[in-house]
Amino acid sequence: MKRILLTLAFLLGSASVAAAQDVPDKVDPDVAAEKGCLSCHEGIESIRDEETEMMQQILALGESYNDPGGCVVCHGGNPQGLSAEDAHAGAPVDLAAGGPDMFFPDPGSVWIAEKTCGQCHSGYGERLTKALMNTEAGKLQGNLWSWGVLDTHQAVYGNYDLVDEDGNVPTVGTEAYQEYMVAFSEAHPEQMPTSMEQVPEVDVNAVSEHPNLAGITYSRQQCQRCHVGITGREKRGDYRGTGCSSCHIPYSNEGFYEGSDPTIPTDQPGKLLTHRIQATREAQVTVGDVTYSGIPSETCNSCHNRGKRIGVSYQGIMEFPYGSPYDAQGGKQPKLHTKKYLYIKEDLHHAVESRPGNPEGGMLCQDCHTTIDMHGDGNLPGTTLAQVEIECEDCHGTVSQFPWELPLGYGEEFATDIGDTPRGLSEDTNDESFMFGTEYAAEDGYLLTARGNPFGNVVRNGDKVILHSASGLDFEVPVLKQLAIDDTWKSPDAMVAMSQVGAHMESMECYACHADWAPQCYGCHITVDYSEGKTDVDWILNANSRMPNGLTADNELGTNGLTSAGKVSETRSYLRWEEPTLGINGEGRVSPLMPGCQVITTVIDADGNTVAQNETWMTPDAGGTKGLDHAAVQPHTAGREARSCESCHNNPKALGYGIMGGRFMQGYQDGFVVDLETAMGEIIPGQTQYQSQPIPSLDHDLSRIVTEDGQQLVTVGSHWPLTAPLPQEMRDKMERTGLCMGCHQNMSDEELWSKVNTPGFVTNEEHQAVLDAALHAYAETNPAGNQ
């Protein structure tokens, strides 16, 4: 019996798929009339549970098109076709008027979504087209800023030519949200553009004179593969669908199909895990013996594993080069997202461990991030802060105000006066952008985001805040004001830091203290080689080579699609994770920083000439700094126990002065040779080579961003004018390095020291008791606080 190539099953992973089992090359007309698409695909999983309203609607429509399985409602095609060629052509005439007008292997493609998903979910495709998950405008602006290609905060480039033709009023959201975003776009026109251009291809002939243009090649080949307009890279952990299917169809890290469609190979990576939509609490998915709901975090991580790495950090892992420990055969780790990983510590929201008053289990990304965070609102944001509408305080509040007592805009003030009008609560979700989510009882009201939309899954219940997870779990959220009222602080440190030091809550992001760690990849050493006709995959070229069925050239399994001139390789200087540097983020608050695009570049032109070697590029930041970016970040590594007071106030790195004040890793600019040498450092052999090549412009450690007297050394952020190192006045107030000597300088005065010291070891608690007694004694002698 002959085998045929079939692609009708939802998201096979390619438009060209080898048959998995025996399937007739021709279907009996009577069978086709009875079963439609299921003549060949019998056994495939229903896209939703058959009892759900969504599936009932699909089945009813399918019956009217002679397809009892309803496949053509989303996929198009001819359910009465007697061969693969016939079945995968055209569409039912009546359906084509409002739905698929041809066969769509992946109905989730954003480019045809209004004909498929948009039949029910109207507007989502249009919003997603302009959202950051598709344009990646912020990534491009940041990259090209560090390469010295762009000298403006303006979001100029995206993956596509796009124009926001309907103005700056969001197409979704509450009236309060729409008013907020209109004012926001007017206040921040550079970060909320009305149009953007497709990032251009590189003029290879111009690279010899302007080697920093290689930054465009770097972006197009290495950085732009994650947007939802394409299918992306065929690597372990990176398999996914396109468009809506990028998130809503499950793919495992291994990329194997584990369902029952006889036409889908189960031994070829690049396939969907099962033919089922993952979305809300009601959209349950069963794979083998496991049933779940919601979108697993690892789905998000098929993209969020690079850049700020928030997805893998949320899971608690960070890339590292070694690949240990060994497996039973003596092999190293399998690569995930092309990297090996070290477990550090997962975000407390992700942790499965049970917490007081809460079930065992973690939260999903979608439990905090709203539909607008994901799909956009119809505007054209140029950076993450322009699109994401949530802040930690939206659920946790502050020590003095419940979440509903905070004004809109709290936590993202951008150095403006936001007033003190309480945002209140909402009695209903009251907007089409929430109509497809699970509807939970409002109780005493839905909490609002910082921009005025209701969290459809977070409600007030008396003095409690309850978060309903898409996983099916319900969590009680710790509310800071209630902790203060009940005096149930975890430690005295927490009470003092949050309740007694007002500047902490007023000027700092919660995660400035509560981020346990942040991935810090210092030095991004990049070679871009145009010689000998070298090429690599160009994700922008693929993205803009769409076929009528919505797929792009990279979709076919076994190929990553179209290529362009140049070949990129990259590596790092060193990695850290502990105690990230602090700085000011785009909202004007103290935030952790992490190395961004710390570009150190070598460029070889088409003729084989090295036109740049270990070059850094200048940015306009602070009057001109090296493009070794430190970027403000929400690391997504929250811990219940915050970083210690000493880790900021007695830590040069936290202040921006570098690890141990930048005393290490001096001499980058000189490089070094290792061989026999005299006592005076003169190399003895005549035949030697550099062990480490010079980086001529780098005269300080990569972790050092500012000097003690305030000279900014490197760029800090690229999107917002407020981003910067901690200001001089703040650093001077914060720094308490050397305070121990306030007492211990007197150890040489034996008579004095004997009066305050006891022989033997003194514990931290005893030290604190002595200082407490000294403070009270000082207060007795200086009642007016005179010094």
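Guide: Contact here means heavy atoms within 4.5 Å. The model is predicted.

Visitor: Fine. What is Leu582 in contact with, leaving aside its neighbours within four places in sequence?

Guide: The list runs Ala512, Val590, Ser591, Pro592, Leu593, Arg643, Cys648, Ala654, Leu726 and Met734.

Visitor: Which residues touch the most other members in the largest nonpolar core?

Guide: Leu582, Val590, Leu702 and Leu726 do, in a core of 27 residues. At least two core residues each come from α22 (510-514), β16 (582-584), β17 (590-604), β20 (625-632) and β21 (714-716).

Visitor: And which element gives the largest share of this core?

Guide: That is β17, with 3 residues. There is also a second, separate core of 22 residues, and Val199, Ala214, Tyr218 and Val528 are among its members.

Visitor: Helices now. How do the axes of α9 and α11 cross?

Guide: Helix α9 (residues 137-146) and helix α11 (residues 214-223) have axes that come within 9 Å and cross at roughly 145°. The crossing is right-handed.

Visitor: Which residues meet there?

Guide: From α9, Lys139, Leu140, Asn143 and Leu144 meet Gly215, Ile216, Tyr218, Ser219 and Cys223 of α11. By class, this contact has 5 nonpolar, 3 polar and 1 charged residues.

Visitor: Switching to strands. What is the order in the open sheet of 3 strands?

Guide: The order is β1-β3-β2, with mixed pairing.

Visitor: Why is one side of β1 and of β2 left without a neighbour in the sheet?

Guide: Because β1 (157-158) and β2 (162-163) stand at the edges, each with a single partner strand. For β2, strand β3 (residues 195-198) pairs in the antiparallel sense over 2 bridges, and Val163 stands opposite Ser195 in β3.

Technical notes: Residues numbered from 1 in each chain as written. Predicted model: local features only at pLDDT ≥ 70, side-chain atom pairs only at ≥ 80, totals over all residues. Heavy atoms only, no water. Pairing = 2+ DSSP bridges. Helix = DSSP H or I, 4+ residues; strand = E, 2+ residues; numbered from the N terminus. Core = buried A, V, L, I, M, F, W, Y, C linked by side-chain atoms within 4.5 Å. Buried < 20%, exposed > 50% of the residue type's maximum accessible area, 1.4 Å probe, protein only. Axes fitted to C-alpha atoms, helices over the stretch in contact; angles between N-to-C directions. Left-handed = near helix turned anticlockwise from the far one by under 90°. Nonpolar A, V, L, I, M, F, W, Y, C, P; charged D, E, K, R; others polar.
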